[in-house]
Amino acid sequence: MINKELKNRSLSNFRSYFEIFKTFSFLKLFLSLLFLIIFPFAIFITHFLYRDYNNTLDWNYRFQLTRVQLMSIDIENHIRDHLLTQAKEKTHFWNGNLESLKENNIFNVCLKNENDIEFFKRQKTFFFPCSFENAPKNWILLYDNGMVWIYSADFLEDHLLDSPFSEPSESIFLVNQDSKFGISSQIENNFRIPAEWISVLGTHTEQEQSLPKIRDIQLEGKGFFLSSFPMYGLPFHLIVISPKEILLEPVRINLVRNLLFLSLLFVVTLILSAWISGREMEDKRKLNIIFREFPHAALLYDSDGEVLLSNPNLESKISISTLATSGQNVLQKINAEAKSFLKQVSQNSNVFANTRIEEWEAITMDGDLIYLEIALHLWFLENNQTTPRGTLILIQDITSKKLEFQTEMVYAKQLQKKYLPSEKISIPGLHFENIYMPLLQVGGDYYDFLNLGNNKYIFVLGDIVGHGVQAAMMMTVVRVLFHQIVKETTVPGEILLKMNEGVRTNLPDSYSFVPFQFLLFDFNISKIFYGNAGHPGVVHITENDVVDIPERLNPMLGILPTFSPKIKEIKLSKGDRFFLFTDGLSDVRNNRNEQLGNDELVTFFISSKTNPIIQIKETLIEMVKNHSQGASYPDDITWIGIEII
């Protein structure tokens, strides 16, 4: 009875594990553990094998050079002894001068390309092939003081076969200095170096031939170590070819062992993944209950953009699946946005933040307009992880907040409109135009143009820190201050000092620094007075195309308790143009985060010197729109263009 119950329980557990294996969550978890456990171990094994490989190569390098050096000395001594013995016993095959060599029927044909006195003087001693009695044969030629000796290379071929310093699997090549011919230990090739190896040896540079060296090469899909050593007493080069696979056999054995261990680790990871996945499925059921009780609509996605958990109901109990925006179902659009967001992050995690917030307009089935705030958040298993597991999207109904904000903004816009110039004033001798584009419905940029009386006119531009209603309120304070001050005095320096005192006294600390500039035209004395307090300079273009952009002459208003004002005087000249603008104009950016920039604006103003001011204004507006490519402006934009006529 107990055995039967035990059997049923085991069968039930097996079925539960089998069901887990079929779930998509198990596959994702298994791949995650594969990446977290097996992959780091594989990296460690790779590093270990790489180090073992390098140690093996290092040992081979030192051992090979020593062994090849001993072999080189042995072969060089053998050649010297043998040639000396044959010279004494006069057992060489042939000797004579170059003229008699040309008449020799056996060697003349074989040496026709080398039958040059300069070649013999340069080479002195070299190997060459030449058939003898209809059989291929290798020879050694020795040249000295106009005389030529030719020896059979049979003695050297036998020595290469029986060298005490070589391994059976290796091939030994002894080549001339020019690497075009040599003899080898390969009987099957008539003791000659195969053509494919000749092409490889020909790639040696002159420097490589003069120094001991080991190279790792590939030939016909096989790896070899090429160990070369020059014979310093003879014009030959010794090269030993060792198959790489024999040398690296211990490394291969270690690789097999570690692959077996990795396979075992893979099986353990598979079992562990199933257990963790089961726990995760239970946690997912609990999390789903929490999602259902969440006050906002929420959707949880995995890294592939597939929905894990969802609560489609807004605070107003309206389901987002019943809403439409831009002719598309809201839920379907959110699913597409989730995949797009994750794709953007995976392609470039340095550009996109972990959170993105948008506002959408949506229509209910009854035709009512509501506003939604869509907040996309990346989520991670751990706080310090850099690879997101997916995205969490929260959807809130902000209709009431939006309407309240719009009401406040309409009121603020109407209020600010009363404090900004409602219409242009007529100024004899001047043409001017202006552009005012607040970031929101109201902004913090202050501009004005006033008739000061006594044939004096002033154009002013200020930039309050921030945007929106608060910045607009501070702009109103600055405007009231300025109007009061210019009623008291029209002296440029006094205007700056009184404005500085007023800003420090009447503006709160967070808004107490104001970039400010003005142009005061005095037609009585045909002069223009330019005052600047920390604002980007006016662009002054003369009729002769001379461009002057004065630097910030004075500190921003409010920074210092007082200062000695610097005022620039400019002669009133017909045809001169002045362009004042806040930094919001030069900071306009496109989708690639590229600024419009001061240089581009100055170039545009210069190129438009023959165009009327009104045309420059219209072209500038189009220029800003085209550069931004639909991207929102980063700041309020204000511009004033003036021409002296």
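**Reading strands, patches and spans in a predicted model**

In strand 19, Val460 is the bridge partner of Asp448. This is a predicted model.

Me: Which strands do those bridges join, and how do the strands run?

Reply: Two strands count as paired if at least two bridges are found between them. Here eight bridges join strand 18, residues 445–453, to strand 19, residues 456–463. The two strands run antiparallel.

Me: What happens at the turn of the hairpin of strand 18 and strand 19?

Reply: Look at the residues between the strands. There are two in this hairpin. Asn454 takes a positive phi there, near 55°.

Me: Which annotation covers residues 427–644?

Reply: The UniProt record, an unreviewed entry, gives "domain: PPM-type phosphatase" for residues 427–644. Such annotations may be inferred rather than shown by experiment. In the model, the chain over residues 427–644 is 30% helix and 28% strand. The end C-alpha atoms of that stretch are 10 Å apart.

Me: Where does UniProt place the "transmembrane region" feature?

Reply: The unreviewed entry places the feature at residues 29–50, 223–243 and 255–276. Now check the model for two of these spans. Residues 29–50 are 100% helix and 0% strand, with end C-alpha atoms 30 Å apart. Residues 255–276 are also 100% helix and 0% strand, and their end C-alpha atoms lie 31 Å apart.

Me: Which residues make the nonpolar surface patch?

Reply: A patch joins nonpolar side chains within 5 Å, from residues with over 30% relative accessible area. Here the members are Phe35, Leu36, Ile37, Phe39, Ile43, Leu272 and Trp275. The patch covers about 670 Å². Helix 2 (24–89) and helix 10 (249–292) are the elements that give two or more residues to the patch. Helix 2 gives the most, with five residues.

Me: Is Ile37 buried, partly exposed or exposed, and why?

Reply: Use the cut-offs: buried is under 20% relative accessible area, exposed is over 50%, and partly exposed is in between. Ile37 is at 31% relative accessibility, so Ile37 counts as partly exposed. Ile37 is found in helix 2.

Me: Now a loop residue. Where does Thr364 lie?

Reply: Thr364 lies in the loop between strand 14 (355–363) and strand 15 (369–379).

Me: Does Thr364 count as buried or exposed?

Reply: Apply the under 20% cut-off for buried. Thr364 has 13% relative accessibility, so Thr364 counts as buried.

Me: Which residues does Thr364 touch?

Reply: Contact means heavy atoms within 4.5 Å. Leaving out residues up to four places away in sequence, Thr364 touches Ile318, Thr322, Leu323 and Ile370.

Conventions. Residues numbered from 1 in each chain as written. Predicted model: local features only at pLDDT ≥ 70, side-chain atom pairs only at ≥ 80, totals over all residues. Heavy atoms only, no water. Helix = DSSP H or I, 4+ residues; strand = E, 2+ residues; numbered from the N terminus. Patch = residues over 30% accessible without salt bridge, like charges linked within 9 Å, V, L, I, M, F, W, Y side chains within 5 Å. Areas by Shrake-Rupley, 256 points an atom, 1.4 Å probe, with all protein chains shown as cover. Salt bridge = Lys/Arg side-chain N within 4 Å of Asp/Glu carboxyl O. Buried < 20%, exposed > 50% of the residue type's maximum accessible area, 1.4 Å probe, protein only.
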